Amino acid sequence: MKKIESFCVDHRKLNEGIYISRIDGDVVTYDMRVCKPNTGVVLDNVTMHTTEHMIATFVRNSDIADHVIYFGPMGCQTGFYLLVRDTVSSETVLETIKEVLLKTKNHTGEVFGKSEIECGNYKTLDIETARKMCAEYYEKIKDWNKILTYKEVEGK
């Protein structure tokens, strides 16, 4: 059976950052790696869930909104995937990610979609967890000016 692209990268070489995970036709999958893999540090469910609500809403209301396919957490709890049409440059995606991280960090209202009507598990949302995580992740990537590919990380 063919392995999926993200299983083919040596996770021991990945650090916190942003990577192009794969390109399928006109869809680019961005790996927003918040935690270094296999270190025992992972995102808890409340932080992942709240961050998903916030960033998904902000990115779908950004300048690249019409090109966004999906935003959601990784099963391994070390980050998120953002899927975008290739009509948007990776530089623009990077700047948008930085913008939405800052918007989440500075958000003072309620979590978007925090109601029983809008969310299947609305009681596990806490804006402070997302604000903290986005602030920390922004600090790690604020000086990045290029999104790396997995092959660049592995030196291939």
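**Helix packing and sheet organisation in the predicted model**

Helix H2, which spans residues 45-59, lies across strands S3 and S4 and runs at about 165° to S3. This arrangement, like the others described below, is taken from a predicted model. H2 also meets helix H3, formed by residues 90-105, and the axes of these two helices come within 9 Å and cross at roughly 125°. The crossing of the two helices, H2 and H3, is right-handed. On the side of H2 the contact is made by Met54, Ile55, Phe58 and Val59, and on the side of H3 by Thr96, Val100, Leu101, Lys103 and Thr104. Sorted by class, the residues in this contact of H2 with H3 comprise six nonpolar, two polar and one charged.

The strands are considered next. Five of them form an open sheet in the order S3-S4-S2-S1-S5, in which the pairing is mixed. Strand S3 (68-73) and strand S5 (148-149) stand at the edges and have a single partner strand each, so that one side of each is left without a neighbour in the sheet. In general, the strands of a sheet pair through backbone hydrogen bonds, in either a parallel or an antiparallel manner.

Strand S2, made up of residues 27-33, is mostly covered, with seven of its seven residues buried. In a regular strand the side chains alternate between the two faces of the sheet. In S2, Val27, Thr29, Asp31 and Arg33 point one way, whereas Val28, Tyr30 and Met32 point the other way, and all are buried. S2 is joined to strand S1 (residues 17-24) by seven bridges, and the two strands run antiparallel; in this pairing, glycine 17 stands opposite arginine 33 of S2. The hairpin of S1 and S2 has two residues between the strands, and glycine 25 takes a positive phi near 60° in this hairpin. Seven bridges likewise join S2 to strand S4 (residues 79-85), again with the strands running antiparallel, and here valine 27 stands opposite arginine 85 in S4.

Two residues in the loops call for comment on their backbone angles. Most residues other than glycine have a negative phi. Asparagine 38, which is found in the loop between S2 and H2, has a positive phi of about 60° although it is not a glycine. With a relative accessible area of 70%, asparagine 38 is exposed, since the cut-off for this class is over 50%. Glutamine 77, found in the loop between S3 and S4, has a phi near 65°, which is also a positive value in a residue other than glycine. The relative accessible area of glutamine 77 is 28%, and this residue is therefore partly exposed.

A further loop position is that of threonine 124, which is placed between H3 and helix H4 (127-141). Threonine 124 has a relative accessible area of 18% and is therefore buried, as the limit for this class is under 20%. When residues up to four places away in sequence are not counted, threonine 124 touches Asn45, Val46, His49 and Thr50. The C-alpha atom of threonine 124 is separated by 24 Å from that of isoleucine 69, a residue 55 places away along the chain.

Notes:
Residues numbered from 1 in each chain as written. Predicted model: local features only at pLDDT ≥ 70, side-chain atom pairs only at ≥ 80, totals over all residues. Heavy atoms only, no water. Buried < 20%, exposed > 50% of the residue type's maximum accessible area, 1.4 Å probe, protein only. Helix = DSSP H or I, 4+ residues; strand = E, 2+ residues; numbered from the N terminus. Pairing = 2+ DSSP bridges. Contact = heavy atoms within 4.5 Å. Axes fitted to C-alpha atoms, helices over the stretch in contact; angles between N-to-C directions. Left-handed = near helix turned anticlockwise from the far one by under 90°. Nonpolar A, V, L, I, M, F, W, Y, C, P; charged D, E, K, R; others polar.
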